[in-house]
Amino acid sequence: MLSTFKNAWKIPQLRKKMLFTLFMLLLYRLGSHIAVPFMNTSVIEQLFNGANSSLFAFMDLMAGGNFRNFTIFACNIYPYVTASIVLQLLTIAIPSLEALAKEGDTGRKAIAKYTRYLAIAIAAVQAVGYTFGIFRQAVNATTYLEYFTIIISIVAGSTILIWIGEQITEHGIGNGISILIFAGIVARFPVDIFQSIARVRAGLASSIYLWIFLVLAIAICVFVVILNEGERRIPVQYAKRVVGRKMYGGQATHIPIKVLLTGVMPIIFANSLLAIPSTVAMFTKNEATRNWITKWLSPSGGPGVVIYVLCSVILIIFFTFFYTTIQFNTVEYSKNMQQNGGFIPGIRPGKPTSEYLQRSLNRLVLPGAIALAILSVLPTILTKISNLQFNYGGTSIIIVVGVVLETTRVLEQQLLMRNYRGFLRK
């Protein structure tokens with residue numbers, strides 16, 4: 001991995017992309033220190049130390065640390081992630097959107113535009129909930145213009161993050177949304193580590209659990225690498241055919257199907273949906289309702305952590321299959337193979353090939369999805385038992401490792417496209 005980054009740095013085009021990505025991340029971190037106007041930070045701090053501290057801590061982790069300081073990035077990039085989920089589900093349910101998705105770059109650009117509009121609308125709803133809901137005690141605004149300034153600042157922050165994510169995807173290295181979430185998680189790691197060490201020193205938690213968590217974190221990193229690199233290669237044979245005076249085909253190749261074809265996107269999608277109850281709690285002025293949501297629908301409560309873990313497992317498995325179906329369309333793949341004279345040995349072209357690919361995909365993806373879900377919830381359970389402060393648990397570790405591996409893979413592909421074989425040397 002390090003050699004890949006080192007070799008990529010030597011190529012001017014890739015170095016420019018890497019520097020652009022770092023510059024965008026710098027803008028993200030700078031924006032994380034711009035506070036929303038007309039907000040009393042001392043009151044916000046009291047709210048974080050009050051009865052709903054666990055709910056606030058969870059929302060702060062989802063926002064990459066921007067929620068506690070109530071910066072312009074308080075909503076983070078999750079409105080865009082939620083909008084992406086909604087649009088992808090609607091693409092399957094609405095025929096016109098499905099037809100638009102099949103129109104190539106034009107259709108994808110149109111859907112991306114709808115996603116941006118929906119993300120801004122979701123961010124506006126969240127901003128209103130923050131201003132007139134749970135943070136109303138911290139609002140120093142007295143006029144409609146000042147209230148509008150608070151709301152528009154939060155919406156503008158989410159819009160800037162959407163723009164930064166898209167710029168990284170287009171002009172930088174890797175998936176911009178994943179990298180922004182990665183940056184927010186990494187920024188929180190030192191805080192969680194120091195808080196956990198402080199709790200152990202103060203006698204509020206056992207040092208045994210801290211060592212167990214560290215060993216578990218290393219094991220998760222190893223298993224995530226194995227899952228990301230694991231693949232099944234389905235053999236494909238291309239028949240010989242003559243076009244003009246030239247002969248094409250006749251070679252044997254394979255279809256590589258990865259165990260984790262979706263990367264970390266299922267976890268990001270699952271986290272986005274699981275944050276909805278906590279977001280709803282921000283709107284209510286009823287303390288009893290907010291406490292009920294905290295107890296039953298967030299990982300902070302006793303029964304809530306069980307419900308959260310079960311929902312997390314189910315959603316991760318669901319989105320793994322859902323996202324895999326979008327990325328790997330077995331019907332289209334079978335048609336393309338048949339049109340180019342390709343076939344799987346022992347399998348008839350057409351529908352039998354599509355069914356064989358689907359069965360192979362399901363058998364490969366299901367164990368990977370279950371393993372991914374279990375790895376993501378184990379540290380959450382340990383955190384609840386041990387009273388340590390690794391609140392984001394295995395989810396954060398998996399996202400960090402997954403984004404690093406994904407970015408490394410993108411760099412390797414870029415190196416290969418430029419006929420640079422330095423990273424292949426042993």
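Q126 is buried in this predicted model, with a relative accessible area of 11%. The residue lies in helix α7, which covers residues 105-132. Beyond its neighbours within four places in sequence, Q126 is in contact with C75, P79, T279 and F283. The points below begin with this site and then turn to the sheet, a nonpolar surface patch and the chain as a whole.

**The surroundings of Q126 and the cysteines**

- Q126 counts as buried because its relative accessible area of 11% falls under the 20% limit.
- One of the contacts of Q126 is C75, which is itself buried at 5% relative accessibility.
- C221 is partly exposed, with a relative accessible area of 29%.
- The structure holds zero disulfides.

**The three-stranded sheet**

- Three strands form an open sheet in the order β4-β1-β5, and their pairing is antiparallel.
- The edge strands are β4, at residues 252-258, and β5, at residues 342-343; each of these pairs on one side only.
- Strands of a sheet pair through backbone hydrogen bonds, in either a parallel or an antiparallel arrangement.
- Strand β1 comprises residues 231-238 and pairs with β4 over seven bridges in the antiparallel sense.
- Within this pairing, R232 has I257 of β4 as its bridge partner.

- L366, I370, I374, L378, I381 and I385 make a nonpolar surface patch of about 480 Å².
- One member of the patch, I381, is placed in helix α16, which covers residues 351-386.
- I381 counts as partly exposed because its relative accessibility is 35%, a value between the 20% and 50% limits.

**The chain as a whole**

- The chain has 17 helices and five strands; α7 and α16 are among the helices, while β1, β4 and β5 are among the strands.
- Of the 426 residues of the chain, 47% count as buried, and Q126 and C75 are among the buried residues.
- The chain exposes about 21,200 Å², of which carbon and sulfur atoms supply 64%.

Terms used
Residues numbered from 1 in each chain as written. Predicted model: local features only at pLDDT ≥ 70, side-chain atom pairs only at ≥ 80, totals over all residues. Heavy atoms only, no water. Patch = residues over 30% accessible without salt bridge, like charges linked within 9 Å, V, L, I, M, F, W, Y side chains within 5 Å. Areas by Shrake-Rupley, 256 points an atom, 1.4 Å probe, with all protein chains shown as cover. Salt bridge = Lys/Arg side-chain N within 4 Å of Asp/Glu carboxyl O. Helix = DSSP H or I, 4+ residues; strand = E, 2+ residues; numbered from the N terminus. Buried < 20%, exposed > 50% of the residue type's maximum accessible area, 1.4 Å probe, protein only. Pairing = 2+ DSSP bridges. Disulfide = S-S within 2.5 Å. Contact = heavy atoms within 4.5 Å.
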